[in-house]
Amino acid sequence: MTTLLTIVEHRNIPGHVPTAGPVGRRLAARLAAADEATRVLTPPFEAAGWPDGVEVVVGDVTRPAESAAAFAGIRRLFLAGAVPETAYELVTLAREGGADRIVVLSSHGPEFEIQYEPEAWHWLAVEVVVERSGAGWTHLRPSPVMAHQTLQDGYSYTGSNWADTIKHGGVIREPYADARYPLIHEDDLAAVAVTLLADDRYAGRTVTAYGPPISPREQIRLIGQALGREIPFEEITLEQAAERDRQAGVAEELIALGQSVGADLLANPVEPDDTVARLLGRPPRSYAEWLADNLDAFRP
């Protein structure tokens, strides 16, 4: 029984969780370690370095017809990065290839998209296509991933990251310094995905996967504590944050969305979610635990 993972890089889409990098590789490693036949459909820049035994097909999840062979003989599909324009084509190829179980790496976008006309849907459109495919489906809606948020994306859409700033002695500047965001360890997310792929009890369900809530101020304190030095941190105003993002070319709607999320989390803190603990039989890993394994990323 072959499982196909679609690998996609970062996109400036609210709620997007890339599988290029830590999540996809940890998921593939977990499947390979369990002697599961595993295949990845990946862009060229991510084609190397997969665990032994993982079959690599170079292609683009948004253009599935160009890589039709990737879908042949599969039974399970972990679908990340699909777009509404080609989602039906992709899912049809998967079903014709033998897939009877599809887990969609989605976002919390559908909760907001349902208020708008279908023409404006992105995440919800993909979910609906999968639901109508006839396969057993599960939608996985995770919180932001620790590695992506800290090492790649930060809290804005500028493409800057904390690791480089801290490594070079810079100042971390963020609005909403005390808003507590739920961040999930990438390996916990991979472990959740493996469980959902294997367990038919989750078919026909939407599963949220939240990590422990933590604020930017708390994160910076923990990083400084681990490094043995104080990390300069400055809480900036919404206007300053908006201008920073604007100068980096971030679209106004994304700036507004980011500020809305921060304000909402500050006013209505996210309560710890027990879904990950129930799925894995243990608590989700903390930011401090993640940091212990990734501290070298912050050292000069």
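# Burial, loops and helix packing in a predicted model

Reader: Is Gly-98 buried, exposed or partly exposed?

Author: In this predicted model, the relative accessible area of Gly-98 is 29%. Burial requires a value under 20% and exposure a value over 50%, and because 29% falls between these limits, the class of Gly-98 is partly exposed.

Reader: With which residues is Gly-98 in contact, leaving aside its neighbours within four places in sequence?

Author: Gly-98 sits in the loop that joins helix H2 (84–96) to strand E5 (101–105). Its C-alpha atom is separated by 9.7 Å from that of Ala-135, which is 37 residues away along the chain. Once the neighbours within four places in sequence are set aside, the residues in contact with Gly-98 are Ile-74 and Arg-75.

Reader: What relative accessible area does Ser-143 have?

Author: Ser-143 belongs to the loop between strand E6 (136–142) and helix H5 (146–153). Beyond the residues up to four places away in sequence, Ser-143 touches His-108, Pro-182, Leu-183, Ile-184, Ala-209, Tyr-210 and Gly-211. Ser-143 is classed as buried, and its relative accessible area is 2%.

Reader: Which residues does Ser-67 touch, not counting residues up to four places away in sequence?

Author: Ser-67 is placed in the loop between strand E3 (55–58) and strand E4 (74–79), and with a relative accessible area of 7% it is buried. Not counting residues up to four places away in sequence, Ser-67 touches Leu-41, Val-58, Gly-59 and Asp-60.

Reader: What is the phi of Asp-35, which is not a glycine?

Author: Most residues other than glycine have a negative phi. Asp-35, found in the loop between H1 and strand E2 (37–42), is exposed, with a relative accessible area of 73%. Although Asp-35 is not a glycine, its phi is positive, at about 60°.

Reader: Does Tyr-176 count as buried or exposed?

Author: Tyr-176 is another residue other than glycine with a positive phi, near 50°, and it lies in the loop between strand E7 (172–174) and strand E8 (181–182). Its relative accessibility is 14%, and because the limit for burial is under 20%, Tyr-176 counts as buried.

Reader: By class, how many nonpolar, polar and charged residues has the contact of H8 with H12?

Author: Helix H8 (residues 216–227) packs against helix H12 (residues 287–294) at an angle of about 40°, with axes 10 Å apart, which makes the two oblique. Here Gln-219, Leu-222, Ile-223 and Ala-226 of H8 meet Tyr-287, Ala-288 and Leu-291 of H12. Sorted by class, the residues of this contact are 6 nonpolar, 1 polar and no charged.

Reader: At what angle do helix H9 and helix H10 pack?

Author: In H9, Leu-238, Ala-241, Ala-242, Asp-245 and Arg-246 meet Glu-252, Ile-255 and Gln-259 in H10, a set that divides into 4 nonpolar, 1 polar and 3 charged residues. The crossing is right-handed. Helix H9 (residues 238–247) and helix H10 (residues 252–267) have their axes 10 Å apart, and the packing angle is about 145°.

Reader: Which residues form one aromatic cluster with Trp-290?

Author: The whole structure holds 2 aromatic pairs. In one of them the rings of Trp-290 and Phe-298 have centres 6.4 Å apart and planes at 80°, so this pair is edge-to-face. Trp-290 and Phe-298 are both buried, and the residues that form one aromatic cluster with Trp-290 are Tyr-287 and Phe-298.

Reader: How many of the 9 residues of helix H4 are buried?

Author: Helix H4 (residues 123–131) is mostly covered. Its buried residues are Trp-123, Leu-124, Ala-125, Val-126, Glu-127, Val-128 and Val-130. Of the 9 residues in H4, the number buried is 7.

Conventions:
Residues numbered from 1 in each chain as written. Predicted model: local features only at pLDDT ≥ 70, side-chain atom pairs only at ≥ 80, totals over all residues. Heavy atoms only, no water. Phe/Tyr/Trp six-rings, centres within 6.5 Å; stacked < 30°, edge-to-face > 60°. Buried < 20%, exposed > 50% of the residue type's maximum accessible area, 1.4 Å probe, protein only. Axes fitted to C-alpha atoms, helices over the stretch in contact; angles between N-to-C directions. Helix = DSSP H or I, 4+ residues; strand = E, 2+ residues; numbered from the N terminus. Parallel < 35°, antiparallel > 145°, perpendicular 65-115°, else oblique. Contact = heavy atoms within 4.5 Å. Nonpolar A, V, L, I, M, F, W, Y, C, P; charged D, E, K, R; others polar. Left-handed = near helix turned anticlockwise from the far one by under 90°.
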